[in-house]
Amino acid sequence: MRHTVSIALALSALTAMPASAQTRFQWPDTTVHFSRYRYIEDCLAADARVTASIMRRREGTVWLDTMPPNPHEKLEPQPPQLTQAVSQCAERFAVAKVDPRDYAHAMQLFLAAGRDSDATAIVERRLAAAPVKNAIERGAIVDTAVTLYVSARPSRLASAEDLMLRRAKSSTDRVERLKTYATLLLVAKYVGDSARAVRAARLVVGVADSLTVAERQSDAFERMRDGQDGSEYVYEALNVLTGMQTRMDSLRKSTAAYVALERAMWPEIAAGRPDIFFMTSVPMGVGEHTSALTADFWYPGAASSAPHPGRGHPALVLFLDHTNCIALGSTDDAQFGSFCASRLAEVRRLATRFPKLEIDIVMSTHGNFMYLPPTSPAEEAALIKQLIDSTQIPGAIVGVTSTPFSRLPDPDSRRIDKELPNNKHYTFEAFGKAMPPASESLFLVDSNGLIVGSSMMPEDEMAQFIQVLLERDGKGSHQ
Amino acid sequence: MHLNRRLFLKAGAAMAAIATVPRPLYAQFDGAPEPLPPIEDPRLATLAARALDSAKSAGASYADVRLSHTSTRRFDERSAGDSEDMEVGVRALVEGYWGFASGPVWSPDEMARLGKEAVHQARTNALGKPRVAALAPAPIVQNGNWVMPVKLDPFEVSPFEIQDQLKSLSILAERIPSGLLLRNDVFAQVQEKAFASTIGSYCTQRAYLTEGHLTLQIDLSSKHRSNVVTNLECVSPAGMGWELYAADSIPRVRNLSLHDELLMRADEARADGMLPMKALEVGRFDTVFDAPSVANIVDGTLGHATELDRALGYEANADGTSYLSDPAAMLGAYQAGAPLLTLVANRSEPGGAATTKWDDEGIVPDDFTIVKNGLLVDFQTTRESAGWLKDAYAKKGAPVRSHGCANAPSAIHAPMEHIPNLSIAPGRETGDFDALVAGIADGVAIKRASIDVDFQEGTGLGFGGVFEVKKGKRVARYQSAGFLFRSTDLWKSLLSISGDAQMQRIGFSAQKGEPQQTCYHSVTAAPAVVQGLTIIDPQRKA
Amino acid sequence: MSGRSDRLIRLSDDARILSEQECETLAKRVFALASGPGETYVSILSWWNGELRWARNRTSLAGDRRDIRVDIARDVGVGRAVATTNQLDDVSLESAVRAAERAAVLSPNVRHPKPLHPPLPKPDRPKTAIWSDATYAVTPEVRGETARSLIEAAEAKGMSSAGYLEMRAGSRAVLSSERMGSTPAPWDVPYAAWTQAQCSMTVRDKEGSGSGWAGVSNHDWAKIDASALASRALEKCIASQHPVALEPGRYTVILEPQAVAEMIAILETSMGRYSREFAAEQGMGPWALAPDDVLHLWRTKLGLKVLDERITISHDPTDPMLGIFPEPWMEPLTWFDKGVLTNLPFVRSYALEKLNVNSARRPLTGYRMSGGPTSIDEMISTTTRGLLVSRLSNIRMLDETSLLSTGLTRDGLWLIEHGKISKAVKNLRFTESPLFALNSVEQLGEPVPVFRPAKNPYESERPLTPAIVPPIKSRDFSFTSTIDAI
């Protein structure tokens, strides 16, 4: 016997309702209502999101890291849709109402919204709120503001410079002033504003010349910025003042002339101090002779019959670590590293432009490649060749060394790589410090096997060097 | 009757042929497959009725069915993910024994199967010794419908906006010196449930649950300091929508916007972290607890101890029993705490994580008192368990009724008694935590205590930020300190409780059952002072 | 009725979980629904539970539950997101795929094209005994009968019992659209089905003055002796009645196998969190050793004796008592070999880079611990003064480097004096580290299977956690306070 349970329903009311189907996994209207965005940080978050989505869309079609560097990139305006979104969100924030303590985020927002005068106003208000005598606080504010001005798109170099010059003027401490001018120089170079860079360089050199030995040996000088020695900036300034024209003219004469020009700057840098704390911008090995590269596996095979870098033409020696190029993820997958990809793209562009330029890629084995099971050195070398082939660098010569290694005793058994002969031969000393070649480092070698430049140069400078070397070789002059 | 897997595999070709045809599942009403309708659709009532009919036909004296449709969306700064499921569960009572069957399919055939299976399950147990299940009366719900009121449906807010808000919090954290958000994510759930029972009730509901995790670390690393890590409990689980994050203030949760709350908490954490560290002096001290501590202690002790099924041994093989071991005798007689202590329960407060219109047995939960002026006066009940206190209720002239504590995470689980929202009655003190501290000449203050209680909730070990108080001020932090307590002694030693303005609501999850279920509820409490708390070093071995 | 030949899932007794073919078909349907570029990954889990719970000597609920969970991940090149559903119809699956695609915008994950795509070798997943027809075939009637006989044992002695019986079957497959021909990709998880059975029981006297517990879990119901379980729980209840308070302090303890397993669970958690990479590269966790003076590299305690030399903890996947979900590189493994730490878990990428081996090491999920010749009775008779502990509960780790932890004894604690159990004692809180306890071992007994079921049926990665553990006697175990709970 069937029992029917009656459920009391006001059926009449309900049957009138249409059986509307509900979409599963509903997705709401994704329009963002900025009216609900109360805080500056909310708008900065929106800025970050829109920026990221624009970048991702561009990355979808081209791998941005492999594009040739754009010297005007920092001075280009930001995409209009970003400015529109940010200014819409930022509308509600009147500069007069912003608490000066929030100046950093406010400034970032105003710059992104194209409200430069508001950005300047809030910085000025913040500076006004800081006691005149508190140099540290005022210095920190200027540092923050400068960073924000420079990282805005387009870079607000004039405003940054203005702040920095005012700060320098108000400072009686010469090392402090040098730091400010050094920052100005760095920022001008970063943005690609050569006129400003030259002005800044003059200021740097001007102050540096007036420093006493004690000042040069002070902590503040040795750890001037980001752990870098003040001498770095003096070197940068001298380079800028010398100018590319002069440097190329001397290189055109001979490598020796160029090296002499380079080394002439060194006493000024090292003035009074035989041993500088840490130098990164001085190109390592300039003027040094190169040794022939050694390898266990050469590609093409014929390359083993002659020394590399060869004589009679300029050469580019690239040290590369394939584990930096292809990073193994935590799962059975691998990601291609940005820095490596951009370096290889740079080399490809140079190789394509200068067919006479020899390209030597120095690599070594690690016992594994990507997510594949452990490889013998021969297997790994073959895979490395495939990797380089895929980068389509015309005429690339690859030398792979089977890395000597030891193992920690069992059960640890971690592999400890030993120093590679190529790395040893390309470790050069300057200012009392020896620097082995890091992965992705480049050496430009002239047709006599002398090093004339390294990876510290941006791509367009490297191209100019190569051009000059080729012209020089063409005329048959060498020394 | 039943095939084992080997047979199934052996069936070979024929089975393989059927198996290759996809097995779609869909809500099937009139015969044609169609997407899921809203929960108020009358055809769901028909489905539900089919399940109950089947159970009745098979011999159930009582049966109920729940259909649940749950959607969730989770976000952190860099990702988002959705889930959605449909579940149905039928419960049947046969000769005092319960049976249950559940699954993911909403179709007439499946309703029939589940109804029959639930009865089958019950029957296999009814073969043994007799059991009585007297269900407390339940008013018939005539096609009720309820939607939890929320200000911002998290599924209607643009996901970009939600992610922007999360990112905004971590950008804000950049402003905090040495600050870092260790965790910044949010989970939102909306669950639609239809309930029907053989007494003739039918109701449909839609409820929201939003839960966030916001953990801030301030790096004070140095010889005498360590990192300070603080969790913002204002985003603990709540019966709310996105307003949990977006509202300018939420009564009893936060007085500031979440943005300002984070900054305030950072300042507070830094100030606490800058206090000098001190070696612990073990002893008994008058102690000030902040509101989250009191909420945690209430939850861990009285909250769990007054679950009636637990007190009567229904969780004995799982988490344990209760120190309130004889509910019938203790009700109205046991002094559970100081006269200052009154504990009430509800499933009605707006924003409560256990808030609902009808519980999972179709009962409208009432607001009821568990402890009144220190005296234990009631327990958490369902339709069946209310009857276990029949005599005790009769003695105090109270009706035998379920307090509506039946709950389940979704229809795949059988409903059971779960902790409702709890609230201690605010006290007379007008001051806040610091004001209570000001009243202590020599003692201890504890912030954000968490406790480990024993399997009867009778004793416990507490952890948290423990501070030395001297002359009304917190002067030092104890590096490794905790407290030992007996639940009843602790509640009896209550000296004062802050007032209404200091009440804070915090969301908790609670696990119980075999198989285990997790449900949510809120606890509202205010800062309080207890006398003579035993402070120890929990890392000290014997 | 629609004209299609689709048929409803019946979820009848012969088809409680999805079969391999059904998973394959389902995956293909999901792949076909993807729109736009990129790969699709689908994880298909299905489970069935047959449950019976009782309390106060009467069954409180018997149930049959089943569910499905399909996680669909769409990697669209610039983002990757997951949507989860438990419905298998076309509309639901398609909506889920769209949801994953939409959410991918919120989950950026730009992956630059790889210059090479050498094929990944297919790892071996050994067969391991994790399916039992006996478990799958258990009916509600059998569960009911079993429960009645267990209850009867307690009720006959005037005691109250509570307990739980559960039979579970589950299946799982993770398949991706990125395939090598028609065979699954090497990173896919091939279809596997498992069963799990558990039986546990608590017996208490009517006044609540005593409590005994026993429990066993195994993938094979036939290996569980429910009646022996009931006897044990009953005996302990009777023996534990009316305990007296004992001064906390350091005691020689005899830890029954269940209690030992609970201490080892602390090691398990720690190993899961602080794998070999963490120890060797970052010096974090209890298994790290300070950097050496020469190379200045963090080291691990691998090769060092960290436990008593009689302790070996290992796992052999061919052992029918230790079936766990098959994973690659599942050769027999020993974590502690005669007290020496011999293995820490690590992932394959770490092994390739640092060790140049194509392998991974699984964490401690299922294991066998070595034992010794001493029975618990012999341990008692050779103890001048000590405590016999049945099991531990509510354990919390206090320090992640020393593994100092605190927790409670439960369901039976007895004082031993002069070689005999002298009285039942109130439960105590302990504050001790498993590293200390397992280094202060005096005697060990015969290893037996313990109760370690995987609780959550939706847990798919490691759905089985068997362990075979001996009782041990250990010195100077630290108990720091008395508790009233029984």
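## Second largest cavity

In this predicted model, the lining of the second largest cavity divides into 8 nonpolar residues (Ala, Val, Leu, Ile, Met, Phe, Trp, Tyr, Cys and Pro), 6 polar residues and 1 charged residue, where Asp, Glu, Lys and Arg count as charged and the others, Gly among them, as polar. This cavity, a set of points on a 1 Å grid where a 1.4 Å probe fits but cannot get out, has a volume of about 130 Å³, taken as the space filled by probe spheres set on the points.

Of the 15 residues that line the second largest cavity (an atom within 4 Å of a point), those closest to its centre are Ser217(C), Asn218(C), His219(C), Thr465(C) and Pro466(C). Two elements of chain C, β6 (211–218) and β20 (467–469), each give two or more residues to this lining; strands are DSSP runs of E with at least two residues, and helices are runs of H or I with at least four.

## Largest cavity

The search of the whole structure finds 15 cavities of 30 Å³ or more, and the largest of them has a volume of about 480 Å³. It is lined by 25 residues, of which Pro415(B), Met416(B) and Glu417(B), together with Ser60(C) and Leu61(C), are the closest to its centre.

Elements of two chains give two or more residues to the lining of the largest cavity, namely α11 (383–388) and β16 (416–417) of chain B, and β1 (39–55) and β2 (58–75) of chain C. By class, this lining has 10 charged, 9 nonpolar and 6 polar residues.

## Conventions

Residues are numbered from 1 along each chain as its sequence is written, and chains are lettered from A and ligands numbered from 1 in the order in which they are written. Local features need pLDDT of at least 70 and side-chain atom pairs count only at pLDDT 80 or more, while totals for chains, interfaces and linings use all residues, and side-chain values use heavy atoms, with hydrogens and water left out.

Terms used:
On a 1 Å grid over the protein atoms alone, a cavity is a set of points where a 1.4 Å probe fits but cannot get out, and a pocket is an open set with protein on both sides within 12 Å along at least five of seven lines; lining residues have an atom within 4 Å of a point.
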